[in-house]
Amino acid sequence: MNVAICAYGAGNVRSVELAFRRLGAEIADDVERADLAVLPGVGSARAALAGLRARGHDKVLRARVEAGRPVLGICLGLQLALEWTEEDGGVEGLALVPGRAERLRAGRVPRIGWAEVDGRDAFWFAHSYAASTPAATRWSEGIVAEARHGSFVGVQFHPEKSGPAGARFLAEEVRCLSRA
Amino acid sequence: MPLPRLIPCLDVAAGRVVKGVRFRGLREVGDPVELGAAYSEAGADELVFLDVAATVEQRRTLVDVVRAVAERVAIPFTVGGGVRSGDDAETLLAAGADKVAVNSAALARPELVTELAERLGSQAVVVAMDVSNGSVRSHAGTAESGRGAVEWAREAQERGAGEILLTSIDADGTRNGYDLELTGAVAAAVGVPVIASGGAGCARHVADALEVAQAALLASILHERPARLASLRAELRELGVALRWS
């Protein structure tokens, strides 16, 4: 099982890499051919999308999803995979998943901290925008926590920073992939 | 709203955890990686590492500490002390930190907050402020900044800060409780999360702070003892504080 993490000049690539290494996965460079491609995300949408497109990751990720090969988006990585995001005055996304990212309008923003997902384990969130998508599969306080569309899985929380609960989530994803 | 957070603060200098804290002399007490990992296991929601002797020569050491912590600890952590530019901050985030805290450098050059927010996203930018009698002080409390706490918190938010780490110099180390009036005033003035800091002596103090702030920074109350964090969490639950089950 190997995992390639899209590096695009920003973000917490190292934390994601360490989380997969802890699970015994190998880290690969080839986003196209790895068993799992991860689109991590921290930072701003416009800069991230420009970085992804400059490196050709947008096309590779699209080809993967079209071929039914797994892609995991984390936090901004989920928002970038949508069709459009309200961030930075409005930016076209990668459109791997239907829907759009909208600014959070309730509570303190950024929404930072641990919050329960589907009333069970708490995961760590740090975001100012959230997905609005028909592909939503899990929720946290009325906010989309996870979306699945074909071979794309996106989570709004940071499993790599969510302690044992996050490790269990990633282990389950890896287990499903290994079986597939 | 996410769950209230308990955030142990580790002061580091030259790669070691030190004590005597920010407003007095230093004594070495341990290894930041080991202590950070032990706090994480004891239920810390996040960690803060403050480089209290931040000098140019020690930047490399700090980055090494951040890299080592990220390897061992799978919860979020903030690094502060000596962050003066977007490049400084990016280096720390690339090494595995989740947020950077800026204090004196932001007071000296408020545009720094905007630069960091544009580059890293607001969620990674903590503006830390040390307050005495309602006024913000810089350089570990030694110099006046000429700014009021509420005014500076509002400006920091407008410039892109994603959190305010609010330390009361007057309450710090007293163990008489957080400065609830100050914390409440700042929390009411901003829409970003506020982390209360300074003055915790017992669970009741922490519970009171979590009524007005979204997180509580824990320093001298823990005495670098992770077991104290575990017992504190149990006491807080008995007081009805809905902490995360880890």
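Predicted model: local features only at pLDDT ≥ 70, side-chain atom pairs only at ≥ 80, totals over all residues.
When one helix passes over another, the crossing is called right-handed if the near helix is turned clockwise from the far one by less than a right angle, and left-handed if it is turned anticlockwise.

Let us begin with the whole complex. The predictor gives it an ipTM of 0.95 and a pTM of 0.96. For chain B, the average pLDDT is 93, and 95% of the residues score at least 70.

Now look at each chain in turn. Chain A is built with five helices and 13 strands. Its C-alpha trace spans about 40 × 35 × 25 Å along the principal axes. A compact globule of 180 residues would have a radius of gyration near 16 Å, and chain A has 15 Å, so the two agree. Chain B contains nine helices and 12 strands. The C-alpha trace of chain B spans about 45 × 35 × 35 Å along its principal axes. For 246 residues, a compact globule would have a radius of gyration near 18 Å; chain B has 16 Å, which agrees as well.

Where do the two chains touch? In this model, 29 residues of chain A are in contact with 30 residues of chain B. On the side of chain A that touches chain B, at least two residues come from each of α1 (13–22), β8 (111–116), β9 (122–127) and α5 (163–179). Sorted by class, that side of chain A has 14 nonpolar, 10 polar and five charged residues.

Next, follow a series of helices in chain B, starting with α6 (residues 149–158). Helix α6(B) packs against α7(B) at an angle of about 35°, with the two axes 9 Å apart. The crossing of this pair is right-handed. From α6(B), the contact uses Ala149(B), Val150(B), Ala153(B) and Arg154(B), while α7(B) brings Leu182(B), Ala185(B), Val186(B) and Ala189(B). Seven residues of this contact are nonpolar, none is polar and one is charged.

Helix α7 (residues 180–189) of chain B also packs against helix α8 (residues 203–212) of chain B, and here the angle is about 20° with the axes 9 Å apart.

Finally, return to chain A for two details of the backbone. Most peptide bonds are trans, and most residues other than glycine have a negative phi. With that in mind, find Val109(A) and Pro110(A), which are joined by a cis peptide bond with omega of about 0°. Pro110(A) sits in the loop between β7 (100–103) and β8 of chain A. What is the phi of Cys75(A) near? The answer is 55°, a positive value in a residue other than glycine. You will find Cys75(A) in the loop between β4 (71–74) and α4 (76–81) of chain A.

Note on methods. Residues numbered from 1 in each chain as written. Chains lettered and ligands numbered in written order. Axes fitted to C-alpha atoms, helices over the stretch in contact; angles between N-to-C directions. Helix = DSSP H or I, 4+ residues; strand = E, 2+ residues; numbered from the N terminus. pLDDT = per-residue confidence, 0-100. Contact = placed C-beta atoms within 7 Å. Nonpolar A, V, L, I, M, F, W, Y, C, P; charged D, E, K, R; others polar. Rg over C-alpha atoms; globule rule 2.2 N^0.38 Å.
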